[in-house]
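Dear colleague,

Please find below the structure that I am handing over to you.

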Amino acid sequence: MKRPKSRQSIRGQKRLSELQEIELLESWIEFGKPQSGSNPLAVRPLAPDAPIGRIDGNTFSLYAGCKKFDQLPLSQKTKDGLRDAKYTKMTEIQRASLPQALCGRDILGAAKTGSGKTLAFIVPVLEKLYRARWGPEDGVGSIIISPTRELASQLFEVLKSVGKHHAFSAALLIGGRKDVDTEKEHVNGMNILVCTPGRLLQHMDETPNFDCSQLQVFVLDEADRILDVGFKKALNAIISQLPKLRQTLLFSATQTKSVQDLARLSLKDPEYVSVHEESVTATPNRLHQTAMIVPLDQKLDMLWSFIKAHLNSKILVFLSSCKQVKFVFEAFKKLRPGIPLKCLHGRMKQDRRMGIYSQFCEQRSVLFSTDVASRGLDFNKAVDWVVQVDCPEDVAGYIHRVGRTARYLSGGKSVLFLLPSEMKMLEKLQEKKIPIQFIKANTKRLLPVSGSLTALLAKSEDLQKLAHRAFITYLRSIYIQQDKEVFDVMKLPVEEFSASLGLPMTPRIRFLKQKNKGKKVLGDLSLQEENFDKENLLELPRKNLVTSNLEDDGGDELLLSKEAPLEGQGKETNIGDVAPATRVLKKKRLKINVHRPMGTKVLFDDEGNTPSPLATLANNIEGSDDLIKHDKVYERYAALREEMSQQLKEDKLRDRQRRKEKRMKEKMKRKRGQKEGDEEEEDVGSSDEEGAGRKQLGKRSKIYFDGDSDSDDDTERKRDNKTAGIKADSISLAEQEELALKLLSSMHS
Ligand code: ADP
Ligand code: MG
């Protein structure tokens, strides 16, 4: 074999024709083919000055010492694109996998979150098509699949930036876009498709003459997620339309090694490139991770306190369902924490979703999200904190969520709220090499928020509905979790949880129980009831449960992120043959009737019939349960009104007093011609909510994460706590007055 010309000579020949360049690159690649399994970083960490070629006694790679993209056999166009985007040095996964991928091998790439996996597949895609002289008439040459729309958009942006000097056409095909017909007109002429599974399948099914028989490179980003049960049907259908002879690249921070999964992809001697396998930790080194016990009914207090203590941070908050996200977002927004709040979930319109995503990239704010944002997203300006309010479903889920911070070279912090019953998760995380520090929350510093929520809910029926749904979907999310060692719905303090959301009474959760032999005995069991058939509930096959989520009935969004999170346009409902069967199953087993009046219980007779509604009503009137409950609510609201009017008076007085003091101080200041110290200003500075927050920042951030940082500020806090509605430090007194007045008037009306 002829030795290829050196890289210098390629660079030197500025006017090298495309054909000549390709010829050179190919001979270079052929000559430098790394030995199979010669992953320099997996074998051992490479010494900074390791000689080119030698990895250890047995393995050899021409690229072993290469650290820069320029040292690889890449086209000038790709190199220019990389340089323009300020990518010069390769990350570890890029160093290890690019030489293998460039010579056409299938890759199973695993590297920590934020370590540069995207370029590890974008570059080989561009190069393969370039060397094949792919043109418009050749059609689809590469398909890159992402589990979520936002991630697909992000990958598309990277592709556009690094590939900007190439002449390929590329399209972003994601669900939720209205212009599917325009897409259909153009998709056949596209060379590279970046898509979510559902939308790709839609094109495969509906676009006339859609052809990917010439496909060269097939990429799955977040491969384990796409190979997961949620995308199984869609992915199988997609794969069935792809040519077998192709290059396949799979990347994820939590890679699948399941032979079964991989068999579906017909990989050919794939290279398993795992650069951090030897690493002491499974998460980025610059990520500081903490966990603490937060009882269910204190979660919102803790979250609110956390936000108030970090008003200058960019915070990503994970909750388990869309309804949770919506409720917390709407409620906290009304309480005005002093930092912009945003929410992201699978039920939002796509335009809004993209808008929120880009805003969060740019702005210091708090983003409440479902797991829709847990994978792959690289928020432009670094996220400071990842707060997991609800426990992730498994270790992989945890790794991806915290992986939204501490990306590339930046640092980050995370905190996981665990219920006392979820402590097993901590062990599981530690077993999987996650260095998580368990800290004790200082509850003395907690800013209770449920009083304010009760007031808000009393005012807004919509918010009350949201709270109701949040309550139910949360319990359901726990109930359907697969890992029963961690999640046990029976251990949850439901009454307290309900009150903490500001709900006037605890909604009943009913699970329909069906007994064998056609003998339907009884219908509804509340969670609190002793004869709750836990075993029957637990044996529900998860596969069916999650697949039932494809139904767009508005109640199962907590599953969406797992299943087909972003393909909400109904396409996925057609893709599987499972859906109809599971729909039935869902109705029978999972239906939770949230509309039935409180305290009612449907009884079935031996034939499985229910008594007539009138008879049921008659039975109920006897107990007058509903009336009693209604009275209780009335009493509670009356007490609240009383409390708030009292509070209003106190606030007015205090405000007057403060203003007086302020005037006095200013007068004295002017007299002395001297500046007063910061401390006194803090006392009077509550009108500027941002400013007030900032002042607390240092103090409070320490508060929650130093186990023993005891308060020297308790009196202040107690005063805050006493204001049953809105916290004094969250909004100004004038605003409090206004809000309280509004609240009172709405209650009287
Ligand atoms: P992963 O997919 O492994 O989670 P990404 O591909 O999203 O990571 O990359 C994480 C961040 O690192 C991105 O902001 C990306 O621009 C940056 N990055 C990736 N590779 C390089 C590189 N070689 N040089 C500089 N920055 C890089
Ligand atoms: Mg990624």
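In helix H5, the residues that count as buried are Ile 93, Gln 94, Arg 95, Ala 96, Ser 97, Leu 98, Pro 99, Gln 100, Ala 101 and Leu 102. The helix spans residues 92-102, and ten of its eleven residues are buried, so that H5 is mostly covered. After H5 comes Gly 104, which has a positive phi, near 90 degrees. Please bear in mind throughout that this is a predicted model.

I turn next to the sheet. Strands of a sheet pair through backbone hydrogen bonds, in either a parallel or an antiparallel manner. Here, seven strands form an open sheet in the order S5-S6-S4-S7-S8-S3-S9, and their pairing is parallel. Strand S5 (170-173) and strand S9 (271-274) are the edge strands, each pairing on one side only. From one strand to the next, the twist averages 15 degrees. Within this sheet, strand S7 (residues 217-221) and strand S8 (residues 247-252) are paired in the parallel sense over five bridges. Opposite Asp 221 stands Phe 251, which belongs to S8.

Helix H14 (residues 322-335) packs with helix H18 (residues 450-459) at an angle of about 100 degrees, and their axes are 10 Å apart. Because angles of 65 to 115 degrees count as roughly perpendicular, H14 is described as roughly perpendicular to H18. Which residues of H14 and H18 make the contact? On the side of H14 they are Phe 327, Ala 331, Lys 334 and Leu 335, while H18 contributes Ser 452, Leu 453, Leu 456 and Leu 457. Classified by type, the residues of this contact divide into six nonpolar, one polar and one charged.

Finally, I come to the cysteines. A disulfide is a covalent bond between the sulfur atoms of two cysteines. How many disulfides does a search of the whole structure find? The search finds zero. Cys 212, for instance, is in no disulfide: the nearest cysteine sulfur is that of Cys 195, 9.5 Å away, whereas a disulfide requires the two sulfur atoms to be within 2.5 Å. Cys 212 is buried, as its relative accessible area is 3%. Cys 66 has a relative accessibility of 4% and therefore also counts as buried, since the cut-off for buried is under 20%.

With kind regards

Notes. Residues are numbered from 1 along each chain as its sequence is written. Chains are lettered from A and ligands numbered from 1 in the order in which they are written. This is a predicted model: local features need pLDDT of at least 70, side-chain atom pairs count only at pLDDT 80 or more; totals for chains, interfaces and linings use all residues. Side-chain values use heavy atoms; hydrogens and water are left out. Axes are lines fitted to C-alpha atoms, for helices over the stretch in contact, and angles run from 0 to 180 degrees between N-to-C directions. Helices (H or I, at least four residues) and strands (E, at least two) are DSSP runs, numbered from the N terminus. Angles under 35 degrees count as roughly parallel, over 145 as roughly antiparallel, 65 to 115 as roughly perpendicular and the rest as oblique. Contact means heavy atoms within 4.5 Å. Ala, Val, Leu, Ile, Met, Phe, Trp, Tyr, Cys and Pro count as nonpolar, Asp, Glu, Lys and Arg as charged, and the others, Gly among them, as polar. Buried means under 20% relative accessible area, exposed over 50%, partly exposed in between (1.4 Å probe, protein chains only). Two strands pair if DSSP finds at least two bridges between them.
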